[in-house]
Amino acid sequence: MITLTDIAYVRSGVADLGEAVRFATDIVGLELAAPAEAGVAHLRADHRHHCLALVEGPSGVISSGFAVADSDALAVAETELERAGFRVRRGDPVEARSRRVREFIAFDDPFGNRLELVSQQETITRPVAFTRPAGITEFGHLCLDAPDVHEAHRFWSTRFNARVSDWIGDAACLLRIDPVHHKLAVFRGDRPGLCHMNFQVAAIDDVFRNWHFLIEHGVEIEMGPGRHPQSTAVFLYFLGPEGFTYEYSFGVRRIEDDEAWRPRTFDPDEPGSIDMWLGPVRRTTSQSQLVTTEPVSTGRTA
């Protein structure tokens with residue numbers, strides 16, 4: 001079994017890099033990390049060098065990154081995936097530098113989502129220079145799409161150390177890799193893609209201040225403010241450029257007694273099962289997975 005230690009980043013392709021960066025900084029509030037790289041903008045929200053990389057080119061999610069403990073753990077993961085029949089590609093030094101990691105491997109999950117496992121993601125000690133006071137404290141979680149969330153659960157729970165926290169019927173599976181209720185969610189979708197990217201904020205007041213800010217700036221609110229009964233988090237989803245959905249949330253549940261927790265199942269059609277405050281509920285916009293043209297090998301490169 002492969003042990004994931006944390007989420008690492010999202011890489012998203014954007015046709016209009018300038019507008020995507022403007023939104024991520026001026027609206028979301030992220031820091032544009034320096035120095036700039038040709039065709040790639042790195043956005044920072046916490047101790048990581050970046051959690052979001054916007055890559056100039058075709059529009060769509062490129063990959064979702066997850067961290068493992070070290071180079072040895074990455075090599076073990078590579079071997080396990082290859083033995084299981086996955087086609088694994090080891091990134092070259094230039095690609096690793098763009099991701100600000102020492103090394104990484106890339107492969108597709110059974111549903112077509114491109115995943116990357118990384119070791120030694122760069123940490124920055126100085127405080128984040130947020131571009132506006134959104135109250136962001138960290139990159140909280142990411143959400144992928146798959147046609148069958150139960151099959152997705154089998155993939156993540158048998159290949160990796162992900163454990164289901166709660167089910168939303170056949171519509172979603174919420175998975176944890178540490179005490180946080182979920183660092184990864186898988187939602188039912190016709191195509192592979194990124195359902196949303198979450199940022200935690202410091203207080204419930206930040207959620208509502210951001211709500212007013214987004215409305216004043218003409219940003220489309222997809223859902224919220226509301227409160228999820230599964231994670232207890234107060235949430236706000238909003239749509240950025242090129243079909244990229246962002247989320248702010250506060251107050252996520254922690255599951256400290258892992259053995260005692262029993263996953264619950266919520267009927268998505270039952271009032272209050274998505275939003276305890278009974279606000280309007282809708283499926284958020286997903287950014288479709290790009291079909292990569294990168295060469296993929298069945299073994300390690302030298």
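Two strands pair if DSSP finds at least two bridges between them. Strands (E, at least two residues) and helices (H or I, at least four) are DSSP runs, numbered from the N terminus. By that rule, β3 joins strand β4 (residues 52–56) through four bridges, and the two run antiparallel.

This is a predicted model: local features need pLDDT of at least 70, side-chain atom pairs count only at pLDDT 80 or more, and totals for chains, interfaces and linings use all residues. Residues are numbered from 1 along each chain as its sequence is written, and side-chain values use heavy atoms, with hydrogens and water left out.

- Strand β3 spans residues 40–44, and five of its five residues are buried. Buried means under 20% relative accessible area; exposed is over 50%, and partly exposed lies in between (1.4 Å probe, protein chains only).
- In a regular strand the side chains alternate between the two faces of the sheet.
- Both faces of β3 are covered. Val40, His42 and Arg44 are buried on one side, Ala41 and Leu43 on the other.
- Strand β2 (residues 31–32) also pairs with β3, in the antiparallel sense, over two bridges.
- Leu43 of β3 stands opposite Leu32. In β4, Leu43 has Leu52 as its bridge partner.

**Aromatic pairs**

- The whole structure holds 17 aromatic pairs. Rings of Phe, Tyr and Trp (its six-membered ring) pair if their centres lie within 6.5 Å; planes under 30 degrees apart count as stacked, over 60 as edge-to-face and the rest as tilted.
- Phe66 and Trp156 have ring centres 5.3 Å apart and planes at 50 degrees, so this pair is tilted.
- Phe66 sits in strand β5 (residues 60–67) and Trp156 in helix α4 (residues 149–159), so the pair ties together parts 90 residues apart in sequence. Both residues, Phe66 and Trp156, are buried.
- Phe86 and Phe155 also form a tilted pair, because their planes are at 55 degrees, with ring centres 5.8 Å apart.
- Phe86 lies in the loop between α2 (71–83) and β6 (89–90), while Phe155 is in helix α4, 69 residues apart.
- Phe86 is buried at 14% relative accessible area. Phe155 is buried too, at 5%.
- Ring pairs also link Phe23, Phe139, Phe199, Phe238, Phe244, Tyr246 and Tyr248 into a cluster.

**Charge over a ring**

- Arg132 lies over the face of Phe213, at 3.7 Å from the ring centre. The test asks for NZ of Lys or CZ of Arg within 6 Å of the ring centre and within 35 degrees of the ring normal.
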